[in-house]
Amino acid sequence: MQASSALFPKQPACVGRLQVVRCAATSKGPAVPGAALPAPPPAHGKAQLVSTLLAAKDASGKTFSQIAQEVGLTNVYTTQLFYHQQQLQANTVSALRKAVPALTDADVQAMMRAPMRSYDPTILQEPAIYRLHEAITHGGEAIKALINEKFGDGIMSAIGFYATVDKLTGNEGEARVVITFNGKFLPYVEQKAAENVAQMKSSR
């Protein structure tokens, strides 16, 4: 059964970080001083890369969590590396190649490029994903209220951020999914004109 349009209305171009879904980068992207912006990779190119990386992972015979333990990263971040949703850092290359020997030089070079973090909207039709989306959005107002009570007016960063997926056994012997989001709190700032450096420079 596919998800109804009522449950998943059309998303705006960019959605909040507290939602499970992510927003795609704009066509221009952020300004990088002294560096030309690379053209975004074609969708089929990323899909081919992900397929190659997952094949290397399968050849290792290890789970994502086992690989994560060997390289010293969270299991979510490690898995994102194989879906090219995170950037492989130079200090992790050696451990990752040891854990996944089938990775080639070209694979590693591709994983070290800054990724185009995006998602295919049709993934919301996958039950495991739309139930997460449902849980976050239905609990969103309560979660925000609790954040405000405990921290003040602000957001949870998805950059200064850690995520893990774990398995526990419940009181009745059932398997239970434990998802932990650990994000840095970022408060909204009072926009004092005297502290607006951009305005101060432009008025000279």
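**Group meeting: a walk through a predicted model**

Ile-179 counts as partly exposed, at 39% relative accessibility.

Ile-179 sits in strand E2. What is Ile-179 in contact with, once neighbours within four places in sequence are left aside? The partners are Leu-132, Thr-164 and Val-165. There is also a distance to give for Ile-179 and Lys-167: the two are 12 residues apart in sequence, and their C-alpha atoms are 8.8 Å apart in space.

Now the strand itself. Gly-154 has Pro-187 in E2 as its bridge partner, while Thr-169 stands opposite Ala-175 in E2. E1 and E2 form a hairpin with five residues between the strands. In that hairpin, Gly-173 takes a positive phi near 85°. As a general point for anyone new to strands, the side chains in a regular strand alternate between the two faces of the sheet.

Let me step back to the whole protein. How many helices and strands does the protein have? It has eight helices and two strands. Along the sequence the pattern reads α-α-α-α-α-α-α-β-β-α. The protein has 204 residues, and 24% of them count as buried. It exposes about 14,400 Å², with carbon and sulfur atoms supplying 57% of that area. If we take the contacts between residues at least 6 apart in sequence, 58% of them join residues at least 24 apart.

Next, a pair of helices. Helix H2 is residues 64–71 and helix H3 is residues 75–82. They pack at an angle of about 105°, and their axes are 8 Å apart. An angle from 65 to 115 degrees counts as roughly perpendicular, so that is the description for H2 and H3. On the H2 side, the residues that meet H3 are Phe-64, Ser-65, Ile-67, Ala-68 and Val-71. On the H3 side they are Asn-75, Thr-78, Thr-79 and Phe-82. By class, this contact has five nonpolar residues, four polar ones and no charged ones.

Is H3 largely enclosed or left open by the rest of the structure? It is largely enclosed, because six of its eight residues are buried. Those buried residues are Asn-75, Thr-78, Thr-79, Gln-80, Leu-81 and Phe-82.

Just after H3 we come to His-84, with a positive phi of about 50°. His-84 is not a glycine, yet its phi is positive. Most residues other than glycine have a negative phi. His-84 belongs to the loop between H3 and helix H4, residues 90–99. Buried or exposed? His-84 is buried, because its relative accessible area is 7%, and the cut-off for buried is under 20%. Setting aside neighbours within four places in sequence, His-84 is in contact with Lys-46, Leu-49, Val-50, Ala-110, Met-111, Arg-113 and Pro-115.

One more loop residue, and then I stop. Where is Ala-102 found? It is in the loop between H4 and helix H5, residues 105–111. Ala-102 is partly exposed, with a relative accessible area of 40%. Not counting residues up to four places away in sequence, Ala-102 touches Ala-56, Ala-59 and Asp-107. Ala-102 and Ala-55 are 47 residues apart in sequence, but C-alpha to C-alpha they are 8.5 Å apart in space.

Notes. Residues are numbered from 1 along each chain as its sequence is written. This is a predicted model: local features need pLDDT of at least 70, side-chain atom pairs count only at pLDDT 80 or more; totals for chains, interfaces and linings use all residues. Side-chain values use heavy atoms; hydrogens and water are left out. Helices (H or I, at least four residues) and strands (E, at least two) are DSSP runs, numbered from the N terminus. Buried means under 20% relative accessible area, exposed over 50%, partly exposed in between (1.4 Å probe, protein chains only). Contact means heavy atoms within 4.5 Å. Accessible areas come from the Shrake-Rupley method with a 1.4 Å probe; for residues, only the protein chains shown count as cover. Two strands pair if DSSP finds at least two bridges between them. Axes are lines fitted to C-alpha atoms, for helices over the stretch in contact, and angles run from 0 to 180 degrees between N-to-C directions. Angles under 35 degrees count as roughly parallel, over 145 as roughly antiparallel, 65 to 115 as roughly perpendicular and the rest as oblique. Ala, Val, Leu, Ile, Met, Phe, Trp, Tyr, Cys and Pro count as nonpolar, Asp, Glu, Lys and Arg as charged, and the others, Gly among them, as polar.
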